Amino acid sequence: METTRPLVALTFDDGPAPRYTPLFLDVLEDAGIPATFFMVGRNVRDHADLVQDRLGRHEVGNHSWAHRDLATMDLPGIQDDLRRTHTVIQEKLGRTPVLMRPPFGHLGGSTVLAADSLGYDLVLWDRQMRERRFADDPAAQARDLVETVRPGSIVLAHDVGDKRRLVALRALHDLVAGLKARGFEFVTVSELIADRSTSVS
C-alpha cells in the first residue's frame, strides 16, 4: 500500500486460539505496538475470552467463518459467511470490522462483490513470515523482513497452527526492534489506509 511515510502494519490470521494468540499479544503489548488480527468467526465464538480485554489499539478484521476457500462459493453463500462472522465479532468483542481478508488470499469475483456489498475493504499483504524457510533460524526471518519491508508494507503472520508459528513468535521481537531502528512506525491496516488516502488527496 503506497505511502510516503515509513509505516508498516503487522497482521495475524486465523485466531483467536489458546495456543499462540495470547503469546503474540504478550509480545505486542511489551513492544507497545498495534496489529491487525483477521479473525475466523468460529474461533471468535469459541475463544473470545482470550482476547476480549486485550485488544487495546489492535484492529479486528473478518477472515470468514470457518476458513473455507470463498472462491469456491457463490455470492449469497459468501455474504452469509461474512455476515455471520461480522455479527459474532460485534457480539463477542464489541468491535465492528471494516476490513476483510479472504482465506488463502483467494480473490474470486464473488468474494470481491460480497466484500463490497458489506462495505469491507479487502486486504492482502506484500510481506510474510516464511516459517518453513526459516524453521531453525527465527533471527534470520526477522532480518529478512527488516531488510525488505518498505513504507506501506503489510506483513502476514498467523497466530493459529502448528509449532511453525514459533518461528514468527520468536522473530517478532527482533522484527519490531529492527524496523523501529529503520525509523518505521507500526499502525493498524485501517490507519495505513487512512494515511494513504490523506497522502493521495
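Does His67 count as buried, partly exposed or exposed, and at what relative accessibility? His67 comes out as partly exposed, at 23% relative accessibility, where buried means under 20% relative accessible area, exposed over 50%, and partly exposed in between (1.4 Å probe, protein chains only).

A word on the ground rules. This is a predicted model, with local features needing pLDDT of at least 70 and side-chain atom pairs counting only at pLDDT 80 or more, while totals for chains, interfaces and linings use all residues. Residues are numbered from 1 along each chain as its sequence is written, and side-chain values use heavy atoms, leaving out hydrogens and water.

His67 sits in the loop between strand 3 and helix 3; helices (H or I, at least four residues) and strands (E, at least two) are DSSP runs, numbered from the N terminus. Its phi is near 60 degrees, a positive value in a residue other than glycine. Ser64, in the loop between strand 3 and helix 3, has a positive phi too, near 80 degrees, but Ser64 is buried, at 0% relative accessible area. For context, most residues other than glycine have a negative phi, and most peptide bonds are trans. The peptide bond from Gly15 to Pro16 is cis, with omega near 0 degrees.

Asp74 caps its N-terminal end, with a side-chain oxygen 2.8 Å from the backbone nitrogen of Gly77. Buried residues of helix 3 include Ile78, Leu82, Thr85 and Ile89. Just after the helix, Gly94 takes a positive phi of about 70 degrees.

Definitions and conventions: A polar contact is a pair of N or O atoms within 3.5 Å; within protein, one must be able to donate a hydrogen and the other to accept it, and residues adjacent in sequence count only if both atoms are side-chain atoms.
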